[in-house]
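Hi everyone, thanks for making time for this. Let me put the sequence and the model up on the screen, and then we can walk through a few parts of it together.

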Amino acid sequence: MGLGTNRYRGDVTSSDMNTLRDTLKVFNKIGAQVIDTSPNYGNSEEVLAHLLNEIDARQDVFMATKVDRESAKDGLKRMEESFERLGEPIELMQVHNLRGTKDQLENMKAWKEEGRFRYIGITTHRVQQHAEMERFMRAEPLDFIQVNYSLADRAAAERVLPLAIDRGIAVLVNRPFGNGRLFQAVDGADLPEWAAEIDASSWGQVFLKYIISHPANTIPIPGTTKPHHAQDNLSAMTGRLPDEALRKEMEAIMSKLM
């Protein structure tokens, strides 16, 4: 289980940081590691570095960030700036939403060879970019992809996730709650009896266990800014997972509700 940080932004000296700091403490205490950010998320990189250093957890995390520029020159500058803000190590560098992918991957492959980071990848959160993502997955030595996938948005399961299995590419999953649509669909509904069979005590855990149980190496990165939400999400890492029959039942239920 990872953590998306699009909303980790603001004045690092303000009281607004208290809840974010406490969320990261929960994340770190439980032993989760993957944190995904981007220089495109306001001053998220600065905020994360500040808070993680405050709680002495910067070296505990698997830090993933992105480069979001078209030209090779601008991409190099952007990556250097990420290192300045986040410090080291940065484990994973990703091309943000396939922007300037060819040029950025050339930079990233060279920096990986130099040991600047361990892994490289590409990201999207749009189904319309899945075909383009597939082309790069076949042509480039990618370690990771990041893609939108949830019970509300299963398009990635058709081609992208099977290709990731074939190519040995790990998968970060963004929008694991369908941009909030899943919670809207089950608002006021009781958990089904079978939730106990997969050790899920909340709808959020049901949604996350669906993703984790996919045979691709899928790691959800829900955007979480509250400690109790982090605690609930991270509980999905423990206990049993749905089998294929239950996954299909979950899909059928959500199709009716949405």
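Let's begin with helix α8, residues 203–212: nine of its 10 residues are buried, so the helix is largely enclosed by the rest of the structure. By buried I mean under 20% relative accessible area, with exposed being over 50% and partly exposed in between, using a 1.4 Å probe and protein chains only. Helices (H or I, at least four residues) and strands (E, at least two) are DSSP runs, numbered from the N terminus.

Before going on, a word on where this comes from. This is a predicted model, so local features need pLDDT of at least 70 and side-chain atom pairs count only at pLDDT 80 or more, while totals for chains, interfaces and linings use all residues. Residues are numbered from 1 along each chain as its sequence is written, and side-chain values use heavy atoms, with hydrogens and water left out.

Back to α8. Its buried residues are W203, G204, Q205, V206, F207, L208, K209, Y210 and I211. What do they pack against? The neighbours are β7 (170–174), α7 (181–185), β8 (218–220), α9 (227–234) and α10 (244–257), where a contact means heavy atoms within 4.5 Å.

Two of those neighbours are strands, which brings us to the sheet. Eight strands make an open, parallel sheet in the order β1-β2-β3-β4-β5-β6-β7-β8. Two strands count as paired if DSSP finds at least two bridges between them. At the edges stand β1 (2–4) and β8, each with a single partner strand, so one side of each has no neighbour in the sheet. From one strand to the next, the twist averages 25°. For angles like this one, axes are lines fitted to C-alpha atoms, for helices over the stretch in contact, and the values run from 0 to 180 degrees between N-to-C directions.

Is strand β4, residues 92–95, covered on one face or on both? Both: L92 and Q94 are buried on one side, and M93 and V95 are buried on the other. As a reminder, in a regular strand the side chains alternate between the two faces of the sheet. Helix α3 lies across β3 and β4, at about 150° to β3.

T101 is buried, with a relative accessible area of 4%, and touches V95, I122 and F136, leaving aside residues up to four places away in sequence.

Now to a pair of helices. α1 and α2 pack at an angle of about 65°, with their axes 10 Å apart. The contact involves M17, L20, R21 and L24 of α1, and V47, L48, L51, L52 and E54 of α2. On its other contacts, α2 packs its buried residues against β2 (34–36), β3 (62–67) and α3, as well as α1.

R21 and E54 from that contact also form a salt bridge, their closest N and O atoms being 2.5 Å apart. A salt bridge here is a side-chain nitrogen of Lys or Arg within 4 Å of a carboxyl oxygen of Asp or Glu. R21 lies in α1 (residues 17–30) and E54 in α2 (residues 44–54), so the pair ties together parts that are 33 residues apart in sequence. R21 is buried at 16% relative accessible area, whereas E54 is partly exposed at 44%.

How many salt bridges are there by this rule? The count comes to 17. One of them joins K77 and E81, at 2.5 Å from N to O. Both lie in α3 (residues 72–86), four residues apart, about one turn of the helix. K77 is exposed at 51% relative accessibility, while E81 is buried at 19%.

Another joins R116 and E80, with N and O 3.3 Å apart at the closest. This one links distant parts of the chain, with R116 in the loop between α4 (101–114) and β5 (119–123) and E80 in α3, 36 residues apart. Finally, D68, R69 and R78 are linked in a network of salt bridges.

That's my tour, and I'm happy to take questions.
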